[in-house]
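The plan is to pick a few spots and write down what turns up.

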Amino acid sequence: MKELIFSITLFLYPFIIDAQEKTNIADGALLRGLDNVSGEVIDFGIKSGDTYLLWKLDIKLSECRYPISNPVGDAFAHLTISQDKSESDLFRGWMVASSPALNPLEHARYDVWVLRCAMISTSAE
């Protein structure tokens, strides 16, 4: 029985690997911030490796990836968000543009989400 399961797994392995969407890495991202108290909305661009100060939040973009087949359709950004230069992070992980509620920043006042990846060096964003 184990040999049968192993054989089936070995046979299906190439199909499972091909099911993963291929991505490219952009040199930046376009993000949106919302202050839930004042209602202020700010769109801003950030380069990979840089930190952007939005109100009291320090937002650092580590990497932004986008699907090769649909570059404007989705974005996956790895962000680290902290408040007031504190040592502990409010958020650290991947945010997905098409599903912002999948892994959101949980903050009482501020919301931040990814709009899309951007090639900062070649765009006006």
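**The cysteine pair**

I started with Cys 117, which is buried, because its relative accessible area is 10% (buried means under 20% relative accessible area, exposed over 50%, partly exposed in between, with a 1.4 Å probe and protein chains only). Cys 64 counts as buried too, at 0% relative accessibility. Then I checked the sulfur atoms: those of Cys 64 and Cys 117 sit 2.0 Å apart and form a disulfide (a pair of cysteine sulfur atoms within 2.5 Å). The count by this rule is 1 disulfide. I looked up its hand as well, and with -90° about the S-S bond, the link of Cys 64 and Cys 117 is left-handed. Cys 64 lies in strand S5 and Cys 117 in strand S8, so the pair ties together parts that are 53 residues apart in sequence.

**Ground rules I noted**

This is a predicted model, in which local features need pLDDT of at least 70 and side-chain atom pairs count only at pLDDT 80 or more, while totals for chains, interfaces and linings use all residues. Residues are numbered from 1 along each chain as its sequence is written, and side-chain values use heavy atoms, leaving out hydrogens and water.

**The whole chain**

I wanted the overall layout next. The chain's secondary structure comes to 1 helix and 8 strands (DSSP runs numbered from the N terminus, helices being H or I with at least four residues and strands E with at least two). Read from the N terminus, the order is α-β-β-β-β-β-β-β-β. I also noted that 32% of the 125 residues count as buried. The accessible surface is about 8000 Å², and 57% of it belongs to carbon and sulfur atoms (Shrake-Rupley method, 1.4 Å probe; for residues, only the protein chains shown count as cover). As for contacts (heavy atoms within 4.5 Å), I took those with a separation of 6 or more, and 43% of them join residues 24 or more positions apart.

**The open sheet**

In what order do the 3 strands of the open sheet run? I found S3-S2-S8, with antiparallel pairing (two strands pair if DSSP finds at least two bridges between them). S3 and S8 are the edge strands, each pairing on one side only. Neighbouring strands here are turned by 25° against each other on average, direction ignored (axes are lines fitted to C-alpha atoms, for helices over the stretch in contact, and angles run from 0 to 180 degrees between N-to-C directions).

I zoomed in on S2 and S3, which run antiparallel and are joined by 7 bridges. They form a hairpin with 5 residues between them, and Gly 39 in the turn has a positive phi of about 80°. Along the bridges, Leu 31 has Phe 44 in S3 as its partner, and Gly 33 stands opposite Ile 42 in S3.

**The nonpolar core**

Which residues have the most contacts inside the largest nonpolar core? This core has 23 residues, and I listed Leu 31, Ile 59, Leu 79, Ile 81 and Val 114 (a core is a set of buried Ala, Val, Leu, Ile, Met, Phe, Trp, Tyr and Cys residues joined through side-chain atoms within 4.5 Å). At least two of its residues come from each of S2, S3, S5, S6, S7 and S8. The largest share, 5 residues, comes from S5. I jotted down a general remark: nonpolar side chains tend to be buried together in soluble globular proteins.

I then followed Ile 59. Setting aside neighbours within four places in sequence, its contacts include Leu 31, Phe 44, Ile 46, Leu 79, Ile 81 and Val 112.

His 78 is in strand S6. Buried or exposed? I have His 78 as buried, at 18% relative accessible area. Not counting residues up to four places away in sequence, His 78 touches, among others, Lys 60, Glu 63, Arg 92 and Trp 94.

Trp 55 lies in the loop between strand S4 (51–54) and strand S5 (57–67). Its phi is near 55°, a positive value in a residue other than glycine. At 24% relative accessibility, Trp 55 counts as partly exposed.

Last, I looked up Pro 100, in the loop between S7 and S8. Pro 100 is partly exposed, at 39% relative accessible area. The C-alpha atoms of Pro 100 and Trp 113 are separated by 6.3 Å, with the two residues 13 apart along the chain.
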